[in-house]
Amino acid sequence: MHPTSFHVSAPIPPRFAPRRLVPSANFLVDYPPPGERRDYPRPNLEETSSSFKIAEQLSEEIKKFPRPKEGKPTVVIAGAGLAGLSTAKYLCDAGFKPIVLEARDVLGGKVSAWQDKDGDWIETGLHIFFGAYPNMMRLFKELKIEERLQWKSHSMIFAMPGKQDAEGRQRFSRFDFPSFLPAPFNGILAILLNDEMLTWPEKIKFGIGLLPAIIQGQDYVEKQDSLSVKQWMKQQGVPDRVNDEVFIAMAKALAFIDPDQLSMTIVLTALNRFLQEKDGSKMAFLDGPPPTRLCEPMVEYIRQNGGEVHLNAPVREMMLHREFRESVVDGFRLPNGTIVQGDLYVSAMPVDLVKKVIPKRMKERWSYFDQLDELEGVPVINIHLWFDRKLTTVDHLLFSRSPLLSVYADMSTTCKGYQDDEKSMLELVFAPAKDWIGKSDEDIVAATMEELYRLFPTELSADGSKAKLVKSAVVKTPRSVYTPLPGKEAFRPDQRTPVGNFYLAGDYTKQIYLGSMEGATLSGKLCALKIAQDEQEWDGRSQAMDLIAEEEKRAGRAAEAAIKV
Ligand SMILES: Cc1cc2nc3c(=O)[nH]c(=O)nc-3n(C[C@H](O)[C@H](O)[C@H](O)COP(=O)(O)OP(=O)(O)OC[C@H]3O[C@@H](n4cnc5c(N)ncnc54)[C@H](O)[C@@H]3O)c2cc1C
């Protein structure tokens, strides 16, 4: 199946038409009330984000590399997820010829999507872009598709299951980041203004719990990889309610697991990334399906610059060079026996699959590959529910705070490509999914509906007397992003392997953005940079990479400052 191109042209009826941005009841912030659609301008990352400037510098550095001495070396890349496509894009910029081999008939890997028999799009996952995604934002800019991101109000919105507003509808608790304050003060005020989820004594105890992070900085953050979020909370004397009210939702959204499993380093790292920049936690939706709206422009760029991208081309085996067996890759073999050869090779497959393709002899020779055995993808389920009428939702990502669900959004409101002013389409992430991944779609939808009766008390009911479910689609990903259990960060591999002409890209490889679209994009960029450095026997330093390392330290300090205040 090839995704078709997608155009957004539906007029916005008056009910959803953008309105003058007037301050809401809360005079400090601006956000649309439930039922109203409103996009916001792209944040000015060029001014507010130092990491955006570094991402920019990294792109420029890649372009300025001296061209390879002899022709364009060919790099064969397995996988057309964001990491594989990003590797290929930046290799083009560095003067190489990439050949991308994708196993499936669709681009995008974990951001892939396809159409059902009615033409409705089914996505592998509900995907949110953040202001704190500098390399992804830079990529949108380089591809000239920035207008495809629909920015929402600068808020984090949590459902309060079982609680209702004055009109009897689901109540939400908001963290709204005022635009007139710089980071980290906008985040601090957002937390201070919210008195529904945590009491003052709880906020203070949590702040005291974070004191060691404040005093010891990034080294402390990294050391917390030995503890789960729950263990850390207990050790620091933070009340259980902080975990129950905030961190269950956060852990499920960050890694599709509960806080008793998630490494505390992940939470502290995410806090760093979100708090260090004014628009770091600002969210955007892509305006349609990722394969057509994001991956196809990447493929066009690669092809225009001399590269190739092939679908339905699964790499079955890595061939080793006869003479230098464990040290040189000689080709990628496809199921029909074709061997695709190049000068260099990249795996941009997920960690669970690259483990199966790396030859045993290579594994025996190089202990570097042992670390891959420590990483494993986490199960997650993405659900689409189409209703016969419009539900009242907020034009934003919503944290469900319900036992089975993580986040959800009414895509008929939040995303132009799926716009429908008469009927809602909810996309929901079901996590943790370990106990559900083997169950039938019917069971999963039934369990989800049970949760929705509490989230939409006036609009959905078990007796079917209110809005009706017209159709559903369930996408199970048994192994998605690497599971960030305590102790796992040390096993994330560098993009450079000890095998002279073989590299890795993928969100699980070493980079500072965890298992995310930004992580995948940055991993590809770093992979391209390292290939360019090695091929041209370049012995200088990458200033951008030095800055990334510095940025990481600085991020630690910014979050510490935020916590301190
Ligand atoms: C439900 C869900 C929700 C998510 N939400 C968010 C979000 O809101 N924000 C965010 O930033 N991130 C989110 N993510 C994570 C994000 O999607 C991933 O981190 C990112 O897309 C991973 O990209 P990747 O290229 O590293 O891996 P992948 O996308 O897995 O790409 C790997 C590619 O390799 C291909 N492949 C596998 N085997 C072979 C082979 N033998 N030969 C050739 N090709 C092969 C695969 O088909 C695939 O296309 C979400 C993920 C899921 C599943």
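Student: From which domains does the shell around the ligand draw at least three residues each?
Tutor: The shell draws at least three residues from domain 1 (53-109 + 288-375 + 491-554) and at least three from domain 2 (379-477). The domain bounds come from an automatic or database domain assignment. Please note that this is a predicted model: local features need pLDDT of at least 70, side-chain atom pairs count only at pLDDT 80 or more, and totals for chains, interfaces and linings use all residues. Residues are numbered from 1 along each chain as its sequence is written.

Student: How many residues surround the ligand, and which are the closest?
Tutor: The ligand is surrounded by 40 residues, and the closest are G79, G81, A83, G109 and G125. A residue counts as near a molecule if its C-beta atom, placed from the backbone, lies within 6 Å of it. The elements giving two or more residues to this shell are α3 (82-93), α13 (351-357), β15 (380-387) and α17 (517-535). Helices (H or I, at least four residues) and strands (E, at least two) are DSSP runs, numbered from the N terminus.

Student: Which element gives the largest share?
Tutor: That is α17, with 4 residues.

Student: And how do the shell residues divide into nonpolar, polar and charged?
Tutor: There are 21 nonpolar, 14 polar and 5 charged residues in the shell. Here Ala, Val, Leu, Ile, Met, Phe, Trp, Tyr, Cys and Pro count as nonpolar, Asp, Glu, Lys and Arg as charged, and the others, Gly among them, as polar.

Student: Back to α17: which strands does it lie across?
Tutor: Helix α17 lies across β1, β14 and β20, and runs at about 155° to β20. Contact requires C-beta atoms, placed from the backbone, within 7 Å. Axes are lines fitted to C-alpha atoms, for helices over the stretch in contact, and angles run from 0 to 180 degrees between N-to-C directions.

Student: What is the strand order in the open sheet of 5 strands?
Tutor: The order is β10-β2-β1-β14-β20, with parallel pairing. Two strands pair if DSSP finds at least two bridges between them. The edges are β10 (308-310) and β20 (502-504); each has a single partner strand, so one side of each is left without a neighbour in the sheet. Within this sheet, β1 (residues 74-78) and β14 (residues 344-347) run parallel and are joined by 4 bridges. A78 has S347 in β14 as its bridge partner.

Student: Now the sheet of 7 strands. What is its order?
Tutor: This open sheet has the order β8-β7-β16-β17-β18-β15-β19, and its pairing is mixed. Its edge strands are β8 (170-176) and β19 (469-477), each pairing on one side only. Helix α16 (residues 441-455) packs on the sheet, and the strands touched include β7, β8 and β15; the helix direction makes about 115° with that of β19.

Student: How do β7 and β8 run, parallel or antiparallel?
Tutor: They run antiparallel, with 6 bridges between β7 (residues 155-164) and β8. I157 stands opposite R174 in β8.

Student: What lies between β12 and β13?
Tutor: These two strands form a hairpin with 5 residues between them, and G337 in the turn has a positive phi of about 95°. R333 has I339 in β13 as its bridge partner, and E317 stands opposite R333 in β12.

Student: Finally, how many helices and strands does the chain have?
Tutor: The chain has 18 helices and 20 strands. Its radius of gyration, taken over C-alpha atoms, is 23 Å, close to the 24 Å that the globule rule gives for 565 residues, so the chain is as compact as a globular protein of that length. The globule rule is 2.2 Å times the number of residues to the power 0.38.

Technical notes
Two residues are in contact if their C-beta atoms, placed from the backbone, lie within 7 Å.
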